[in-house]
Amino acid sequence: MFTLSSSASFTVRALAAAPQSSSRRRCAAKQRSTTTRAQSRTSPEGVPSTAFFSPSKINLFLRITARRADGFHDLASLFHVIDLGDSMTFAKSSSETRDTLVCSDPTIPTDGSNLVIKALDLFRAKTGISQYFWIELDKKVPHGAGLGGGSGNAATTLFAANKLCGSPATEAELLEWSGEIGSDISVFFSNGAAYCTGRGEIVEDVEPPLDLGTKMLLVKPPMGCSTPAIFKALDLNGRSTADPLELLRKISSEGCSEAICINDLEKPAFTVLPELADLKARLQANTAKDSVVFMSGSGSTIVVMGDDDIPEFVQQDDTLFKAPTRLITRKAGEWYAPTLDRA
């Protein structure tokens, strides 16, 4: 059995003063509600707040194409946004020096190292708007999971700050800026399905390759995967030789299969965490015969595509994170909304 820690209380930390923009103009535009959630509460300052859904993602295939001179790796991957996500609430703050981030998970830092705060600093630097914010983050997406939960938080933050300040930036600008603070953030500014190259920051919208109603199950052990450790264990000579553009063509015409849902990081992840290989094998043996089982990103989440029934061994192990989920998309100018009721 795995051991999983849990947390329920919120932690609050006021952030140190951030550098001021050269412009001192405040965001004067009226606060706008997102198309996905209505305003439902107020901040501690009594200011109306707006709730946004913060989604995560999976990699339907992930090829590592080269090691770069700067130490990073080039990849070619089909990302898809999914409806497992966190809840985020934003309100404009009267502070002229700091953001305040509130998080339900006390193990997650709420200082300037958090991507939410990095996204707000980036937004101010790029727009010249000196607005600060109060943010509440209710975490549902596990970290160290290969699901891009933190990247989804950053993308949602950029989208929310832009909306609350009257949309001074285009979505194309938000996408371009996001690559400065993280490789996976850009994918969330796609329509939900994206073929990504470079470090992951080069995003090409594609038509969703699978029916959005396709059943999926996510299973994650309590231990997370360290992305640097996984890449350190990567043997470039042991990678797949499949052409990623051919994989993209095939998944759209043939659907998922073991030959298409390739992840070059599975082998090094299974070397670092042998438990993952065992978990994948058990899921393959205990889910529908036509389902496809693969690891997302750098792990440690295992995806069952085509079946969302929770196997008995998973159901009985309280230390395993398990979540049926679905693929989701969005329209330009709108943000994502979940499709499954997890109440």
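Reader: What percentage of the 343 residues of the protein count as buried?
Author: Keep in mind that this is a predicted model. Buried here means under 20% relative accessible area. Across the 343 residues of the protein, the share that counts as buried is 52%.

Reader: How many helices and strands does the secondary structure come to?
Author: The helices and strands are DSSP runs. On that basis the tally for the protein is eight helices and twelve strands.

Reader: Among contacts between residues at least 6 apart in sequence, what percentage join residues at least 24 apart?
Author: A contact here is a pair with heavy atoms within 4.5 Å. Take the contacts between residues at least 6 apart in sequence, and the part joining residues at least 24 apart is 76%.

Reader: Let's get into the helices. Is H2 largely enclosed by the rest of the structure or exposed, and how many of its residues are buried?
Author: H2 covers residues 149–164. It's largely enclosed by the rest of the structure, because the buried count out of its 16 residues is 14.

Reader: What span should H2 have, and how far apart are its end C-alpha atoms?
Author: The expected span is 1.5 Å times one less than the number of residues. With 16 residues, H2 should therefore span 22 Å. That agrees with the model, where the end C-alpha atoms of H2 are apart by 22 Å.

Reader: Which residue with a positive phi follows H2?
Author: Coming off the end of H2, the chain reaches a glycine with phi near 85°. That residue is Gly 166.

Reader: Are H2 and H3 parallel, perpendicular or oblique to each other?
Author: H3 is made of residues 171–178, and its axis lies 10 Å from that of H2, at an angle of about 140°. Angles over 145 degrees would count as roughly antiparallel, and 65 to 115 as roughly perpendicular. The crossing of the two is right-handed. Given the angle, H2 and H3 are therefore oblique.

Reader: Which residues make the contact between H2 and H3?
Author: By class, this contact has three nonpolar, two polar and one charged residues. H3 brings Glu 171, Leu 174 and Ser 178, while H2 supplies Leu 158, Phe 159 and Asn 162.

Reader: And on H1 with H2, how many residues of the contact are nonpolar, polar and charged?
Author: H1 (residues 115–127) packs on H2 at about 35°, with the axes 8 Å apart, and this crossing is right-handed. On the H1 side the contact includes Leu 115, Val 116 and Phe 123, and on the H2 side it includes Gly 150, Ala 154 and Leu 158. Sorted by class, the residues come to nine nonpolar, five polar and no charged.

Reader: Now some single residues. Is Ser 186 buried or exposed?
Author: Ser 186 sits in the loop between H3 and strand E7. Leaving aside neighbours within four places in sequence, Ser 186 is in contact with Leu 175, Ser 178, Gly 179, Glu 201 and Val 203. Its relative accessibility is 0%, so Ser 186 counts as buried.

Reader: What is the C-alpha separation of Thr 97 and Gln 131?
Author: Thr 97 is in the loop between strands E4 and E5, and at 32% relative accessibility it counts as partly exposed. Gln 131 is 34 residues away along the chain, and the C-alpha separation is 9.0 Å.

Reader: Which residues does Gln 284 touch, not counting residues up to four places away in sequence?
Author: Gln 284 belongs to helix H7 and is partly exposed, with a relative accessible area of 36%. With residues up to four places away in sequence left out, Gln 284 touches Glu 258 and Val 293.

Notes
Residues numbered from 1 in each chain as written. Predicted model: local features only at pLDDT ≥ 70, side-chain atom pairs only at ≥ 80, totals over all residues. Heavy atoms only, no water. Axes fitted to C-alpha atoms, helices over the stretch in contact; angles between N-to-C directions. Helix = DSSP H or I, 4+ residues; strand = E, 2+ residues; numbered from the N terminus. Parallel < 35°, antiparallel > 145°, perpendicular 65-115°, else oblique. Left-handed = near helix turned anticlockwise from the far one by under 90°. Nonpolar A, V, L, I, M, F, W, Y, C, P; charged D, E, K, R; others polar. Buried < 20%, exposed > 50% of the residue type's maximum accessible area, 1.4 Å probe, protein only.
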